[in-house]
Amino acid sequence: MTVTRPEGRPILSLTPVAREGVRHGSRSYLTCLFKCGNACDHAEPNQTETGHVRDEIAKAIARRSVLRGTAVGAGALVLSGVAGGSTLAAAATAPLAAAGPGGPLARLNFQPVAPNRRDAVVLPNGFDHNVIIRWGDPVVAGAPAFSPYDLTLDVVKKTFGYNNDYVSVVPLDDQRALMTVNHEYDDPELMYPAGRYTQEEIAWFGIYSHGLSVVTIKRGQVAGSWFREKNLAAAPKNRRINADTKFHVTGPAAGHALLQTTKDPSGTRIKGTLNNCAGGTTPWGTVLSGEENFNQYFNTEGTVPAGPTLASGTPLATAYSRYGIAKSGSDPRKWYTVDDRFDLEAEPNEPHRFGWIVEIDPTNPNESPKKHSMLGRFKHEGACVTIAPNGKAVAYSGDDERGDYMYKFVSADLFDGRGTNAARKHNKTLLTKGTLYVAKLTGNDSGAITAPYDGTGEWIPLTSDTQSFVPGMTVEEVLVFTRHAADLVAPTKMDRPEDIEVNPVNKKVYVALTNNSNRGTSYPADEANPVTLSGTRTSPAAPLVNQSGNRNGYVLEMTPDDDDHAKDTFTWDLLLVCGDPESPETYFAGYDKSKVSRISCPDNVTFDSLGNLWIATDGAPTPMGQNDGLFRVPVAGPERGHVKAFLSVPKGAECCGPLIYDDDQSLFFAPQHPGEISGATFDAPASTWPHTNDYPRPSVCVAYRQR
C-alpha cells in the first residue's frame, strides 16, 4: 500500500473519531457553513406535494427479497484490516493480477484500501500518485510568490484558487494537455492566519479565490504520471477565470429584464462564476461547469425585494426563497458589504445571473466563456453531454438539494462529427437551442423482480427555445425560475441528485444521490424502506449503531428506451444502497455483501474503458467513521456491484474530480478542503496535507501504476 507523507511524520492510528461538532450526519460545521451556507438548517426549498423518489425506491427494495437474506452476520469481517483494531497491512501484501482487456486502472485486481483516518492519500500496493498543483501555485506568467501570511489581490487573481473540484483534461499533443479545474468555495477559517487581514480584505480574497483555472500539464517519466508545466512562458493557454472574467449569456433568457442590472443593463454580460462544483467535458472538447450553492453569497442589511410579477400577472413571491436566497445574520463572508452586486436590495436581479451551466474552451483563452440559459437555472452539480443516435446533443444535470429534481436538455441542432474547425464552431452552439425536461420516476407495482430495472420514468418537457410547456410562464421565466416551473409539472423529488453521468460503454445513466438525514422524520417512513434507519460507525473499528434517516445515499441506474438518450422514456433500477455491508439496509446490485467495501455519500462518478463505475464520496467520515475516497464498481457480469475502495483522501477532505484518462493509465482526483474539521483553524490545523507546509492546501493529484 502506498502512503505518501513527509519523511519522519508519524502515521496516525485508527482511533475513534468524535462526532462532536458534526452536523446532519455527514459534514463538519466548517464544511456546512462555507460549502453550502448551512442549507440543511433551512426549510427544504421544495414545498410542493409531488411524489418523492423515496417512495419509488422503497417499492423497489421491498420487492428485492435478497435484501432480507444477504445481510452479513454481526461481527463478520468485511475487509481485511477493518475489524479487531488491525491496520492496513493486509492491503499492502495483495498482488496486482491482470483480469482481461483495458488499461491498468480498469483491469488490474487490487486489495481494497481499508477504512482509515490517516492524513494521507492511501492507495493499493502497486500504485503511486503525485501532486500536480496546489492552492496558491502560480497559474499565469508573472504571478507573485504565494504566502498566506502576505497575500495581495494580485496574488489571488493569478494563482491556483481554493477548493479544487471538477477536473477536465483536454490533450494538446502527445506530451502535453490542458487541465481545467473548478474552485468551488473558500474557507477563511483555514486560509488565513488569525488577525492578519481585515474583513474587507478577506471578502475580496474570497471573491477571487472562486472560478476556474486552466493549467498546462505534461507527461512524467512513469506512464500515467503528469506534472504541472512550471515554465509559464511555455504555457500561453494558462488562465485564471475569476470575478473579472466576463461571461456571455446564450439562449432565450439572454437580455431578458430578469438578468438586467445597474452595471449590465444589457442582461447579456455577467462578471464571474461562483460555487463551481462538478462539470463535464463535451464531445467537442470544451468544458462545462455547474454553478451550485450560489445562493449563499447574496445578502443585505436592507429589505429582500419582493419577487417579480410574471408575464401572466402572477406574483412570484418565492422567487428568492425557492433558491435558498434570504437575508442572513450568520453570513460568514459578507461580500455584500464590499460589492453592491451581492446586495439583494441594491441589485435584486444579480442572483438570477448565477445558477447556470457555464462552457469554457480551454484551448482558446481569448474566447469569452458562456452561461447557457437553455439548460435552466438551479443548483447545478454539473452537466454531462452525450450524443443521441439521431445526432442530437443530450445534457444531463442534477439539482443538488434535498427534494429537488433531475433534468435533461436535448439540442435542436445536430452534432457535427467531422472534426474540422467549422464543425467545432457549430458544436459550440448546440447548448443554445433545444428542449429542457425534468424527470418523473414511477415504481413497478407488478410485484415481480424485473432486473435490471425496477421502475419506469418519463422526461416531462418544460420549455423549448421557442415555446413554454408550463402554463402561466414564458420561455424566459421557465429558464430563470426553473425550480418553480418544474414544481408545476409534478416531477419526482430526489435526495440530493449530484453527479449524473452517461456510461460510454453500456450507455446507461448513473446518478449519485448523496444522502438525506431527514428520511423518516420530515420524510415519512415507508414500508420496508431500508434507509429510514442507517447503520453508522464512529470509527473504522467501532461497532455499528443505527441512526435515523438516509445517512449513506444511493446510486441510481437509468436506461433510456432503445438506448436513445433523446427519447422521453426510460427504465430505472437502484444499483447501490450505500453504507456498511454489515448493515441490513445496504444493497450492492445483489453482489455478495461480505466481499464489498464500505461506501458512504456518493458524490461524483466517472468511468474507465471497460465501463466500470468509479464513485467519489463526500461526507463519509461521520456515517462510516472513515475518510472519503474513490471506489471502483463493475456494472455488468458476475462482478456487478462489487464495490472496491481504490483510494482514500486525507483527513477532513472530500474526494473530488475523478477522471480516468490516457487509456486507463491516469486517474486524476482532487482532494478538496483537507483538514476541514470542526474547530480547525489555519493556526491550529487538523491536517497539513500535502505536507509541503504547516497548513493544508487543496490540491489536484494523479494516480498511476508503479513501474
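I count two strands as paired if DSSP finds at least two bridges between them. With that settled, here is what I looked up in this predicted model.

**Entry 1: an open sheet**

I started with an open sheet of 6 strands. Reading across, I get the order E12-E11-E16-E15-E14-E13, and the pairing is mixed. Which strands stand at the edges? I find E12 (269-271) and E13 (276-281) there, each with a single partner strand, so one side of each has no neighbour in the sheet. On average, neighbouring strands here are turned by 30° against each other, direction ignored.

I then zoomed in on E11, residues 246-250, which runs antiparallel to E12 and is joined to it by 3 bridges. In this pairing, phenylalanine 247 sits opposite isoleucine 270 of E12.

**Entry 2: asparagine 275**

Next I checked the loop between E12 and E13, where asparagine 275 has its place. Its phi is positive, near 50°, and the residue is not a glycine. Is asparagine 275 buried or exposed? I note it as buried, because its relative accessibility is 0% and the cut-off for buried is under 20%.

**Entry 3: aspartate 662**

I looked at another positive phi, about 60°, at aspartate 662, again not a glycine. Aspartate 662 lies in the loop between strand E35 (654-661) and E36. I have this aspartate down as buried too, with a relative accessible area of 15%.

**Entry 4: helix H7**

I moved on to helix H7 (199-209). Its buried residues are Ala203, Phe205, Gly206, Ile207, Tyr208 and Ser209. What do they pack against? I listed helix H5 (153-158), strand E7 (176-183), H6, strand E8 (211-219) and strand E10 (239-241). After H7 comes glycine 211, with a positive phi near 105°.

I stayed a while with serine 209, which belongs to H7. At 4% relative accessibility, serine 209 is buried. A polar atom of its side chain lies 2.7 Å from the backbone oxygen of phenylalanine 205. Setting aside neighbours within four places in sequence, I see serine 209 in contact with Val156, Gly161, Tyr162, His183, Met191 and Arg240.

**Entry 5: two prolines**

I found proline 193 in the loop between helix H6 (188-191) and H7. This proline is buried, at 9% relative accessibility. How far apart are proline 193 and tyrosine 149? I read 44 residues in sequence and 6.7 Å in space, C-alpha to C-alpha. Beyond four places in sequence, proline 193 touches Pro148, Tyr149, Phe682 and Asp683.

I place proline 690 in the loop between strand E36 (666-672) and strand E37 (699-705).

**Entry 6: the whole chain**

I finished by stepping back. The protein has 11 helices and 37 strands. Of its 707 residues, 63% count as buried. I also noted an accessible surface of about 23,100 Å², with 52% of it belonging to carbon and sulfur atoms. Among contacts between residues at least 6 apart in sequence, 68% join residues at least 24 apart.

As for confidence, the mean pLDDT is 87, and 83% of residues reach 70 or more. I marked residues 1-20, where pLDDT stays under 50 and the model has 51 contacts beyond four places in sequence. I marked residues 448-453 as well: pLDDT stays under 50 there, with 10 such contacts.

Terms used:
Residues are numbered from 1 along each chain as its sequence is written. This is a predicted model: local features need pLDDT of at least 70, side-chain atom pairs count only at pLDDT 80 or more; totals for chains, interfaces and linings use all residues. Side-chain values use heavy atoms; hydrogens and water are left out. Helices (H or I, at least four residues) and strands (E, at least two) are DSSP runs, numbered from the N terminus. Buried means under 20% relative accessible area, exposed over 50%, partly exposed in between (1.4 Å probe, protein chains only). Contact means heavy atoms within 4.5 Å. Accessible areas come from the Shrake-Rupley method with a 1.4 Å probe; for residues, only the protein chains shown count as cover. pLDDT is the predictor's confidence in each residue, from 0 to 100. Axes are lines fitted to C-alpha atoms, for helices over the stretch in contact, and angles run from 0 to 180 degrees between N-to-C directions. A polar contact is a pair of N or O atoms within 3.5 Å; within protein, one must be able to donate a hydrogen and the other to accept it, and residues adjacent in sequence count only if both atoms are side-chain atoms.
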